[in-house]
Every structure is written in C-alpha cells, then in structure tokens.
Amino acid sequence: MALALRRLGDDEFSLATELAVAPEQLEFTGTIAEALDCLGDSRHPHGIWLDDSLVGFFIVDTDFAAEFEFCSEGALGIRTFLIDSRRQGQGLGKAAARALLPFLQGAYSQRVSVWLTVNCRNRGAYHCYETAGFTDTGALYEGGAAGPQHVMRMALR
C-alpha cells in the first residue's frame, strides 16, 4: 500500500466531506465542511491518499504569517491535519506527517519552513508531529478556541 499527499482538485472536495472526525477530536480540528468554507487563494486543500482511497486531509496555508505573529514571513502553515476516524490506529497519521517534509519541499520548493499549532491537550498529535521532524518552539499560542496550543516549526531547507 502506498501513501501519497496531493492537492485536492475542485471535483474531489465531496470526497473530503465524507471523512469522519471523531467527536473528541472536533474541538481540535473542526469539521471538514468548516475547513472547506475557509479556503481561499492562500489556503490549499490536500488529501492523504492510501492507494486510491482518501484517508485524510490537511490545508497548506501560504500566508500563515498574516494571522500568526510567531510565524516567519513567507513560511507555510499547516491547518486541519486529520486522518479519517475509521482509519485511525493504523499508523497513517504518523506516515502522513513524515511525508510532509518531502512533499512540501517539492510542492512549495521556494519556502524555507512550515509551522503549525497543536493543542496542549492533544498529546497524540503533538507526538506525531514531533516524530515527523517538527520542533516545539517553546512558545504557546493562546488564541485557540479549545485552549493553549504548542507552536511547532519544521525547516524545509
């Protein structure tokens, strides 16, 4: 089985809306419909594919620094990174997070870093990002709807 990351085409948005978010994770990720409603020129929806099946979703924000002062100008941001709740526990989240570095280096080759925030109570996601190469900056983002979030960064070059 091959895991792949790629930008979703407009005709694939309906596939993304079929992904299930576990109720206990909704406060951290929101729904796919909410994420799709927030798309724009700088927010690019991506799918996590296992062979021909969409098993996850995330957004690459090319203007993350406009919203978050901790982010360096011109860096990327990751939003709404999730694996379908029916596919969790299979190592797909860790594999997809590890695949972010080479994917972003190729798809966004002009960028030098990628940032994200992860809720302080979401230990599983924190560990997933850490093992994928993200470093905790030591800063906390206090503006999250579900409480404080760790600020994490990964160099792309």
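Contact here means heavy atoms within 4.5 Å of one another, helices (H or I, at least four residues) and strands (E, at least two) are DSSP runs numbered from the N terminus, and axes are lines fitted to C-alpha atoms, for helices over the stretch in contact, with angles from 0 to 180 degrees between N-to-C directions. The views show a predicted model, in which local features need pLDDT of at least 70 and side-chain atom pairs count only at pLDDT 80 or more, whereas totals for chains, interfaces and linings use all residues. Residues are numbered from 1 along each chain as its sequence is written, and side-chain values use heavy atoms, with hydrogens and water left out.

View A. Ala 125, Tyr 126, Cys 128 and Tyr 129 of α5 are buried, where buried means under 20% relative accessible area, exposed over 50% and partly exposed in between, with a 1.4 Å probe and protein chains only. These residues are on the same side of α5, because they cover an arc of only 160° around the axis, the arc being that of the directions from the helix axis to the C-beta atoms. The buried residues of α5 pack against α4 as well as β4, β5, β6 and β7, while Arg 123 and Gly 124, on the other side of the helix, are exposed. Just after α5, Gly 133 adopts a positive phi of about 115°.

View B. Strands β3 (residues 53–61) and β4 (residues 76–83) run antiparallel and are joined by 5 bridges, and the bridge partner of Val 60 in β4 is Ile 78.

View C. Leu 92, Gly 93, Ala 96, Ala 97, Leu 100, Phe 103 and Leu 104 are buried in α4, and what covers them includes β1, β2, β3, β4, β5 and α5. At Leu 100, shortly before the proline Pro 102, α4 has a kink of about 35°, the bend at a residue being the angle between axes fitted to the seven residues ending there and the seven starting there.

View D. Asp 51, a residue other than glycine, has a positive phi near 55°; Asp 51 is placed in the loop between β2 and β3 and is partly exposed, with a relative accessible area of 43%. Thr 80, also not a glycine, has a positive phi of about 50°, but Thr 80 lies in strand β4 and counts as buried at 18% relative accessibility.

View E. The structure holds 0 disulfides, a disulfide being a pair of cysteine sulfur atoms within 2.5 Å. The sulfur of Cys 38 is too far for a bond, because the closest cysteine sulfur, in Cys 71, is 18 Å away; Cys 38 counts as partly exposed, at 43% relative accessibility. The sulfur of Cys 128 is likewise too far for a bond, with the closest cysteine sulfur, in Cys 120, at 17 Å, and Cys 128 is buried, with a relative accessible area of 9%.

Methods: Two strands pair if DSSP finds at least two bridges between them.
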